[in-house]
Amino acid sequence: MRAVHLFATSTAQPIGPVRIAESGWDRTRGLLGRPELQGSEGLFITRCSSVHTVGMRHDIDVVFVDRTGRIVRIAERLAPMRMAMCRKAASVLELAAGQARALGLFVGTSLYGWKTEKEPA
């Protein structure tokens, strides 16, 4: 998996490193069996509109992103053995619990950096 830093229109603080899960296996596995996320590191899952935390040991923040990179929903502190979804989402950013708020992310914020380094217009 490649790793990038993401940027949000709501803050100058970069998010990352963020691993990009693009392959079927990486998207299916997600954070399972991986160490707990630290600071602003995350996992960006492409072609994804729902996640589960079955088998997880810790809470996570789940940021749902549409095709244009705009945040359409945030599920904060999703506990183990739970599920979250958003029909409008095309991708998901998984962060350590509490990081979405700490990074100043909110619905309507645009994320960029995983496809291009240019900020959206």
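The largest pocket holds about 190 Å³ of space. A pocket here is an open set of points on a 1 Å grid over the protein atoms alone, where a 1.4 Å probe fits and protein lies on both sides within 12 Å along at least five of seven lines. The volume is the space filled by probe spheres set on the points, with grid points joined across faces, edges and corners.

This is a predicted model, in which local features need pLDDT of at least 70 and side-chain atom pairs count only at pLDDT 80 or more, while totals for chains, interfaces and linings use all residues. Residues are numbered from 1 along each chain as its sequence is written, and side-chain values use heavy atoms, with hydrogens and water left out.

**Pocket lining.** Select Arg27, Thr28, Gly30, Val51 and His52, which lie nearest the pocket's centre among its 14 lining residues; a lining residue has an atom within 4 Å of a point. Two elements, α1 (24–29) and β4 (50–52), each give two or more residues to this lining. Helices (H or I, at least four residues) and strands (E, at least two) are DSSP runs numbered from the N terminus. By type, the lining has seven nonpolar, four polar and three charged residues. Ala, Val, Leu, Ile, Met, Phe, Trp, Tyr, Cys and Pro count as nonpolar, Asp, Glu, Lys and Arg as charged, and the others, Gly among them, as polar.

**Val54.** Next, select Val54, in the loop between β4 and β5 (60–65). Val54 is partly exposed at 41% relative accessible area (buried is under 20%, exposed over 50%, partly exposed in between; 1.4 Å probe, protein chains only). Apart from neighbours within four places in sequence, Val54 is in contact with Leu32 and Met81, contact being heavy atoms within 4.5 Å. For a distance check, pick Arg87: it is 33 residues from Val54 in sequence and 20 Å away in space, C-alpha to C-alpha.

**Gln99.** Move to helix α2 (residues 99–102), where Gln99 is found. Gln99 counts as buried, at 18% relative accessibility. Outside four places in sequence, its contacts are Gly39, Ser40 and Asp61.

**Whole chain.** Now zoom out. The chain has two helices and nine strands, in the order β-β-α-β-β-β-β-β-β-α-β from the N terminus. Its C-alpha trace spans about 40 × 30 × 25 Å along the principal axes. Of the 121 residues, 47% count as buried.
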